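Please look through the model below before reading on. The points after it are meant to be checked against the structure.

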Amino acid sequence: MNKLSRRQVISTGLAATAGISGLVVAAKLAGRYGLIPPDSKGIYGPGETLTYAAQRILTRHTLAREFSQSQISKDPFANPVDSLGEEFQRYQRAAFVDWRLVVDGMIAHPVSFSVAELKSFPTRTQITMMACEEGWTYIAEWTGVPLSHILELVGTLPQARYVVYHSIQPDAWDSVDMAEALHPQTLVTYGMNGGELPVQFGGPLRMRVPRQLGYKSIKYITRLTITDNLKQFGKGLGSGPSGAESGYAWYAGI
């Protein structure tokens, strides 16, 4: 992928303006360099591929904008969620001391971490914007452990391509590629605006992917699975490999 020149990128973009045939050309070029997203099939597939490939080539290492303390939203909006059930309520009554984050898949050391253990790891605090696909936004301060640190700690295998993160909510999961997983702003968060992460905002643990739309920042996460293939997971909340069918793109870069 590093050998892909700026001239090739520009040429591909120009080809795309010619219509569907241009998109197909772009998709073939992306395939050559391993830049095919999981939702590359179907009528929107070539367009999704072009978007994902262009973003990965041009903005792979860019940072999401970070804001000052004075810009934090005074009344952030929390999307309502369905009842989280008795199991969640039991964890909540015990202040989440028994909540675990299981890490498995293509790693050398399968393990599970408590919230307290995650808080003992190196932390990052950043003030970024949560942008929802429905059009609303808010700015908040998020504190957590970089996902990259967890992946290093468990010995992620070199052939891994994706990190799948699961919620305690039934059938709620999503995934990112390794470029996003290793990005310094991608966090497993446990704090918000100087305090604990409130339940309505995903506490005790929420994935925070500030370079993508809000539906990629899944709430109430309980498991990370490192894999080289998403087909085994079926259709998840928001996206997953069947994201095009559910109305959401797998890659939601902003």
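The notes below go from the whole chain to its cores and then to one residue.

1. This is a predicted model. Its protein chain contains eight helices and 10 strands.

2. Of the 254 residues in the protein chain, 48% are buried. The chain exposes about 12400 Å², and carbon and sulfur atoms supply 54% of that area. Among contacts in the chain with a separation of 6 or more, 66% are between residues 24 or more positions apart.

3. The largest nonpolar core has 34 residues. Leu118, Ile150, Val163, Val188, Leu205 and Leu224 have the most contacts inside this core. At least two of its residues come from each of several elements, including α5 (115-120), α6 (147-153), β5 (162-167) and β10 (221-227). Another core, of nine residues, lies apart from it, and Trp136, Trp142, Met192 and Leu197 are among its members.

4. What does Leu224 touch, leaving aside its neighbours within four places in sequence? Its contacts include Leu101, Val102, Val103 and Asp104, as well as Leu147, Ile150, Val163 and Met207.

5. Met129 is in strand β3 (residues 124-131). Is Met129 buried or partly exposed? Met129 has 32% relative accessibility, so it counts as partly exposed; buried would require a value under 20%.

6. Not counting residues up to four places away in sequence, Met129 touches Phe67, Thr137, Tyr138, Ile139 and Arg208. Trp142 is 13 residues from Met129 along the chain, and the C-alpha atoms of these two residues are separated by 10.0 Å.

Key: Residues numbered from 1 in each chain as written. Predicted model: local features only at pLDDT ≥ 70, side-chain atom pairs only at ≥ 80, totals over all residues. Heavy atoms only, no water. Helix = DSSP H or I, 4+ residues; strand = E, 2+ residues; numbered from the N terminus. Buried < 20%, exposed > 50% of the residue type's maximum accessible area, 1.4 Å probe, protein only. Contact = heavy atoms within 4.5 Å. Areas by Shrake-Rupley, 256 points an atom, 1.4 Å probe, with all protein chains shown as cover. Core = buried A, V, L, I, M, F, W, Y, C linked by side-chain atoms within 4.5 Å.
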